[in-house]
Every structure is written in C-alpha cells, then in structure tokens.
Amino acid sequence: MGKTALIVIDMITTYDHDDAELLLPSAREAVPAIVRLLKRARKSGVPVIYVNDNFGEWRSHHGEIVDTALSGPHAELVRPLQPDGDSLFVVKARHSIFFETPLGYLLHSLQADHVVLCGQVTEQCVLYSALDAHIRHLRVTVPRDAVAHIHPELAEAALEMMRRNMHAAIVAGDDIEW
C-alpha cells in the first residue's frame with residue numbers, strides 16, 4: 001500500500017476572473033475545511049502539494065504566485081492556506097493538475113497511490129484532475145466540504161460522476177484518516 005498526498009488545487013488566487021463573484025461564496029465556505037485538512041495532513045506527515053494556475057505569467061514561480069494572491073482583494077481567503085516550508089508546489093496551465101506538469105512523477109517519487117483533492121473549482125479543475133488521477137490508477141478522495149464551486153448543480157453532478165465513474169470516495173473532510 002502506498003502513501004497519501006493532499007493536493008490543494010487553485011486556492012492561491014486573486015479571484016480576478018469572470019466567474020469570481022459566483023465562486024467566492026463557495027470558496028469562503030470551503031476554506032475552513034481546507035485549513036483543517038492542511039493542519040491534520042501536516043501533523044500526520046502527509047505530503048501537501050499545491051497545484052496552481054500561474055495567472056498566465058510564465059516567468060512566475062510559486063513565491064510570486066503566493067505574493068500576488070496575498071496582495072489581491074481576497075487575501076483573507078489565501079492567507080490561512082499559504083504553503084509552509086515543507087509544502088510542494090506545482091504550476092499548471094490548464095484545468096487538470098496532471099496536464100503537462102511533473103505531478104505524476106512527483107507522486108511516483110513520493111510513492112503515493114492515493115490523492116485527496118481539495119480546492120476549486122469542483123465542476124472544472126477538481127473533476128478533470130480526478131479523472132486524470134483515476135486513469136493513472138490512483139485512488140481518489142474528494143472531501144465535499146473542502147471544494148468550491150461556481151454552479152452548485154454542476155458541482156453536485158461532478159461529485160456524483162467522480163463517485164460513480166471514477167470510484168472516488170466523496171466524504172466529509174473531517175472523516176479522512178491519514
């Protein structure tokens with residue numbers, strides 16, 4: 001049996017995009033659950049990997065991405081989720097955390113065969129990432145209270161697709177045992 005990795009998807013952001021106003025209420029609800037997951041994972045020695053959009057700035061590195069988000073109008077959502085010194089950080093360009101990133105290699109080197117996906121957006125990046133994890137034969141868990149959505153009905157459908165089609169465990173974040 002391999003290890004588990006906690007993956008935080010796209011939570012380091014300025015919320016400066018077309019759907020931000022629809023996303024913000026759900027993000028505010030998800031942040032406390034993500035904070036609890038981060039604390040428990042770190043205490044248990046579970047690797048924490050942030051996989052984040054780069055805002056189209058191909059020169060940026062994770063420090064700049066964090067600094068940009070912390071200087072944005074919704075820093076209160078980013079501050080409690082900041083990577084610590086042990087966190088790993090992967091920059092992505094598209095919806096899936098695996099598309100054209102070294103994440104697959106990183107998970108292999110960590111001997112991880114199980115990923116816990118939290119973050120945003122449930123019906124987009126989380127869904128596509130869960131599918132890509134599934135086709136890589138990784139076990140997938142999605143804490144329903146630690147993912148944020150733009151459209152609630154699509155998020156519910158996405159969670160059901162992950163459960164049914166990808167055999168993902170859809171659970172409350174506090175029920176995850178590391």
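**Close-up 1. Helix α6 in the predicted model, residues 152-166.** The helix has 15 residues. At 1.5 Å a residue, they should span 21 Å. The end C-alpha atoms of α6 are 20 Å apart, which agrees with that expectation.

**Close-up 2. The two sides of α6, with its buried residues and two exposed ones.** Buried in this helix are A155, A158, L159, M162 and M166. Seen down the axis of α6, these residues fall within an arc of 100°, so they line one face of the helix. An α-helix has 3.6 residues a turn, so residues three or four places apart point the same way. E153 and R164 sit on the other side of α6, and both are exposed.

**Close-up 3. The largest pocket, with about 450 Å³ of space.** The lining of this pocket is made of 24 residues. Closest to the pocket centre are D10, T13, H17, D53 and C125. Two elements give two or more residues to the lining: strand β2 (48-53) and helix α5 (122-135). By class, the lining holds eight nonpolar, nine polar and seven charged residues.

**Close-up 4. D10 and Y15 in the loop between β1 and α1.** Strand β1 covers 3-9, helix α1 covers 20-44, and D10 lies in the loop between them. Phi of D10 is near 55°, a positive value in a residue other than glycine. D10 is among the residues closest to the centre of the largest pocket. Is D10 buried or exposed? D10 counts as buried, because its relative accessible area is 8%, under the 20% limit. Y15 is found in the loop between β1 and α1 as well. Phi of Y15 is positive too, at about 60°, although Y15 is not a glycine. Y15 has a relative accessibility of 5%, so it counts as buried.

**Close-up 5. The cysteines C118 and C125.** How far is the sulfur of C118 from the closest cysteine sulfur? The distance is 13 Å, and the partner atom is in C125. A disulfide needs the two sulfur atoms within 2.5 Å, so this pair is too far apart for a bond. C125 is in no disulfide; the nearest cysteine sulfur to it is that of C118. The disulfide count comes to zero. Both residues are shielded by the rule used here: C118 is buried at 0% relative accessibility, and C125 is buried with a relative accessible area of 6%. C125 is also one of the residues closest to the centre of the largest pocket.

**Close-up 6. The cis peptide bond between Q120 and V121.** Omega of this bond is about 5°. V121 has its place in the loop between β4 (112-120) and α5. Helix α5 (122-135) is one of the elements that give two or more residues to the pocket lining.

**Close-up 7. P143 in strand β5.** The strand covers residues 139-143. P143 has 0% relative accessibility, so it counts as buried. How far apart are the C-alpha atoms of P143 and D84? They are separated by 21 Å, and the two residues are 59 residues apart along the chain.

Note on methods
Residues are numbered from 1 along each chain as its sequence is written. This is a predicted model: local features need pLDDT of at least 70, side-chain atom pairs count only at pLDDT 80 or more; totals for chains, interfaces and linings use all residues. Side-chain values use heavy atoms; hydrogens and water are left out. Buried means under 20% relative accessible area, exposed over 50%, partly exposed in between (1.4 Å probe, protein chains only). On a 1 Å grid over the protein atoms alone, a cavity is a set of points where a 1.4 Å probe fits but cannot get out, and a pocket is an open set with protein on both sides within 12 Å along at least five of seven lines; lining residues have an atom within 4 Å of a point. Grid points are joined across faces, edges and corners, and a volume is the space filled by probe spheres set on the points. Helices (H or I, at least four residues) and strands (E, at least two) are DSSP runs, numbered from the N terminus. Ala, Val, Leu, Ile, Met, Phe, Trp, Tyr, Cys and Pro count as nonpolar, Asp, Glu, Lys and Arg as charged, and the others, Gly among them, as polar. The expected span of a helix is 1.5 Å times one less than its number of residues. The arc is that of the directions from the helix axis to the C-beta atoms.
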